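Biologist: Could you take me through the ligand site, please? I would enjoy one connected account of it, along with the chain around it.

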Amino acid sequence: MPVATAVTVPFVDLKAQYAAIREEVRAAIDRVLESAGFILGPAVAEFEEAFAAFCGTREAVGVSSGLDALRLALMAIDIGPGDEVILPANTYIATALAVSALGARPVLVDCDPRTYEIDPERIAAAITPRTRVIIPVHLAGQPAAMDAVLAIAARHGLAVIEDAAQAHGALYRGRPCGSLGLMGCFSFYPGKNLGAYGDGGAVTTNDLELAARLRRLRDYGQRVKCEHVEQGLNARLDALQAAVLNVKLRYLPAWNAARARHAETYRAMLEGVGDLAFQQRVPETTHIYHLFVVETDHRDALQQHLAERGIATGIHYPVPIHLQPAYAALGYRCGDFPAAERLARRMLSLPMYAELQPEQIAAVVAAVREFYS
Ligand SMILES: Cc1ncc(COP(=O)(O)O)c(C=O)c1O
């Protein structure tokens, strides 16, 4: 039975965000409706230019989702059967699906139990003569330990494709995620720090030839209309979504900064409470707090306690890739990636969005403290 509290706290609040940008979004959508240009066109081109500038890359290619961004990036460097691609065991399943969809093999590596990011020390042991790519995932909005990842990749002649689906605007040594590897893959799923009103994604790169190939691959492999130079997908960013993203991108720096302030408040008020532990920071990074994660041995009970007080939380992610039924054929077993498995049992994401109000943060903190009292 829910306990009545004065303040309810959703996990994300897209309605509050919309209320702040309603007029601009409606005008932008209306411009696309009036133009009747729904596929690619000026709204997509405008967004691609603005997003590339935001990421510090020469190009950004708008695509249909984060999964398709990863899939197209791998297609653009001809990954296929017989190839192996290294990725963390503790990621969203899309990272692995992009690899296996092309007939290549996802090779999993455990995370650093402190930072939750792929453990560079373990990458070398996973490299074989078939390895072609490493996909570090900037998990929860914190850049992975990219210097170490890039060094291993360079030593072995491997491409680095960043999964930046949770890291729009996160910085590694002052450089934006998406500009650190050969390509960066973004999701604009509505709940992301930069979210569309439907599905969307982008691939960023400094390589103009790769960008041209990505533009073909997302559009049936067409070079010009009806000249199909290779077999592609229908995986374009919608003009309507691009119009929404064009408006939202202008607010993203302020939204990311607000999330970081909320994270600092959570951290200051929850440090030392019960058995709570926090995601350790990778040095010289700017975290954009797509998620604010706490760890506890009492995760399920804490989640239930918060739910009874009107506070919504999430678990990202409860089952690591190697224990998903879809990947049973990879042959991994329970115990293979202990850090990822422990996190899956212990992690809980607290409400996090730019519009969080001080009284909402106070309510979350009070409810967590009450749980441990
Ligand atoms: C780390 C990561 N990779 C890939 C994706 C896939 O993005 P999408 O849902 O847009 O396909 C997501 C989000 O869902 C994600 O969090």
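Modeller: Happy to. On a 1 Å grid over the protein atoms alone, a pocket is an open set of points with protein on both sides within 12 Å along at least five of seven lines, and a 1.4 Å probe that fits but cannot get out marks a cavity instead. A molecule sits in a pocket if more than half of its atoms lie within 2 Å of its grid points. Here, the space taken by the ligand is the largest pocket. The elements that give two or more residues to the shell around the ligand are α3 (66–76) and α4 (93–101); helices (H or I, at least four residues) and strands (E, at least two) are DSSP runs, numbered from the N terminus.

Before going further, please keep in mind that this is a predicted model, with local features needing pLDDT of at least 70 and side-chain atom pairs pLDDT 80 or more, while totals for chains, interfaces and linings use all residues. Residues are numbered from 1 along each chain as its sequence is written, and side-chain values use heavy atoms, without hydrogens and water.

Around the ligand there are 14 residues, of which G66, D163, Q166, S187 and K192 come nearest; a residue counts as near if one of its heavy atoms lies within 4 Å. The shell holds six nonpolar, six polar and two charged residues, where Ala, Val, Leu, Ile, Met, Phe, Trp, Tyr, Cys and Pro are nonpolar, Asp, Glu, Lys and Arg are charged, and the others, Gly among them, are polar.

Now for the polar contacts (pairs of N or O atoms within 3.5 Å). D163 places a polar side-chain atom 2.7 Å from a nitrogen atom of the ligand. For K192, a side-chain N or O atom is 3.1 Å from an oxygen atom of the ligand, and for Y317 such a side-chain atom is 3.4 Å from a ligand oxygen. Taken alone the ligand exposes 380 Å², and the protein buries 91% of that (accessible areas by the Shrake-Rupley method with a 1.4 Å probe).

Most peptide bonds are trans.

Stepping back, the protein chain has 11 helices and 15 strands, and its C-alpha atoms fill a box of roughly 65 × 55 × 35 Å along the principal axes.

Notes. Polar contact = N/O pair within 3.5 Å; in protein donor to acceptor, adjacent residues only side chain to side chain. 1 Å grid on protein atoms, 1.4 Å probe; cavity = no way out; pocket = protein on both sides within 12 Å on 5 of 7 lines; lining within 4 Å.
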